[in-house]
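Work through the exercises below with the structure in view. Try each task before reading its solution.

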Amino acid sequence: MPQFLISEPAESFLISLTESLDEVDIGIMLLDRDLRIRFLNRRHAQILGVPLEAWRCGATFRDVLDQAASRFWFAVPPEHVSQCLDQLEQAVRSGSVMPAHIDVADGSRLLFACKICPDGGRILTYADVSRELRQEELLAMEQINAELRFNNETMEDHAAHLASLAEATDESIRKVEEAKRELEREILERRQLEARLREMATTDGLTGALNRSGFLALAQAELDREPSPGRGLALMMLDVDHFKSINDRYGHAGGDLALKHLVTLLGGRTRRTDLLGRLGGEEFAILLPEIIPDEAERMAQRLVTHVAEHPVAFESQSIQMTVSIGLTVVTGPDRSIEHILARADDALYRAKRGGRNRVVKDQEVEA
Ligand code: GH3
Ligand code: MG
Ligand code: MG
């Protein structure tokens, strides 16, 4: 038996109790053991959208469900409504309804619970949890938004970082390429300078012919090479005749011009492979590699004639000069440039003594 803490008549207490239940914010329905409605509070009627007075005596829980379904009260697709009602009725009948959610077509959500009463009836409660759920959803949304914002900011930070890295990398590549170009420029300049220095070290500044050391080095290299069969190597020592008097007559500038002119004449009558060197003053040497021995003397003669026949114009005058040549053809084993030069020089001396403007061939080394 229920324990009452009051002593008023049961009927007035029941009225007062049902009135109180009408004030609570939870829908309450009491069913008897056959699931017929014994009591329905005002809130429940509100939830169902049907006034309390509309419920007839003897209506069953299934009637409530059918009535609600006929007004599309459930937020369930029409094809599933019947199955949904059966399940609810069955669950209430068995009294095994765990608190479960019911979604209503107006967008609200109810927390539905069923308990078996000691007399075999049921007490059903419906609590509107939409607001709490919305609150939870809002909180979840807010959390998701915060995470998204954080992710966006992080992504933006990463993007900015990557962009600055890319910029820094581009700048580094540009600097490296610039340094590379600068280095290549320096290497080229250095090579050009070295070539120029090498040239200056081996070239005569006035005439452009090889200087003494340049000529000696290259001539010795030629002498160290074995000539082809039937070919030899010849060397001419050439000296301008009475050059002193050219200087005396046309001045030093006239003498210089005559020397340059001479080198031009000799260059035009020798082969590309021949070496022409200015050994000093107005004295020159010509090395003729890979030459037929008889041809060397004819060539020396042609040079003497060529120079004599080609004066150079200087200040409305004409500088005429002749040269003497001492020739030696190398066929023997002695291939030292100094010895060969000495032999040619000896022949040159004899050409001078013989009257100048001529060729004298060194007899000692003749084949
Ligand atoms: P030879 O026929 O016996 O050879 O008589 P040469 O007058 O030619 O010989 P010599 O050795 O007596 O005189 C050579 C002159 O050449 C002397 C020197 O002043 C001059 N000379 C040497 N080098 C240069 C030069 O670079 N420029 C000019 N203009 N004269 C030079
Ligand atoms: Mg001379
Ligand atoms: Mg001389």
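**Exercise 1.** Are D239 and E282 buried or exposed?

Solution. This is a predicted model, in which local features need pLDDT of at least 70, side-chain atom pairs count only at pLDDT 80 or more, and totals for chains, interfaces and linings use all residues. Residues are numbered from 1 along each chain as its sequence is written, chains are lettered from A and ligands numbered from 1 in the order in which they are written, and side-chain values use heavy atoms, with hydrogens and water left out. Take the cut-offs: buried is under 20% relative accessible area, exposed is over 50%, and partly exposed is in between (1.4 Å probe, protein chains only). By these, D239 is buried, and E282 is buried too.

**Exercise 2.** Find what coordinates the magnesium ion (ligand 3).

Solution. Step 1: donors are N, O and S atoms within 2.8 Å of the metal (3.2 Å for Na, K and Ca); water is not among the atoms, so sites may look incomplete. Step 2: D239 (OD) and E282 (OE) coordinate this ion at 2.2 to 2.3 Å. Step 3: D239 lies in strand 6 (residues 232–240), while E282 is in the loop between strand 7 (275–280) and strand 8 (283–291); the two are 43 residues apart and link distant parts of the chain. Helices (H or I, at least four residues) and strands (E, at least two) are DSSP runs, numbered from the N terminus. Step 4: D239 also coordinates the magnesium ion (ligand 2), which is 3.4 Å from ligand 3.

**Exercise 3.** Why does N41 count as buried?

Solution. Step 1: N41 sits in the loop between strand 2 (37–40) and helix 2 (42–48). Step 2: N41 counts as buried because its relative accessibility is 0%. Step 3: the side chain of N41 reaches the backbone nitrogen of H44 at 2.9 Å.

Conventions
Polar contact = N/O pair within 3.5 Å; in protein donor to acceptor, adjacent residues only side chain to side chain.
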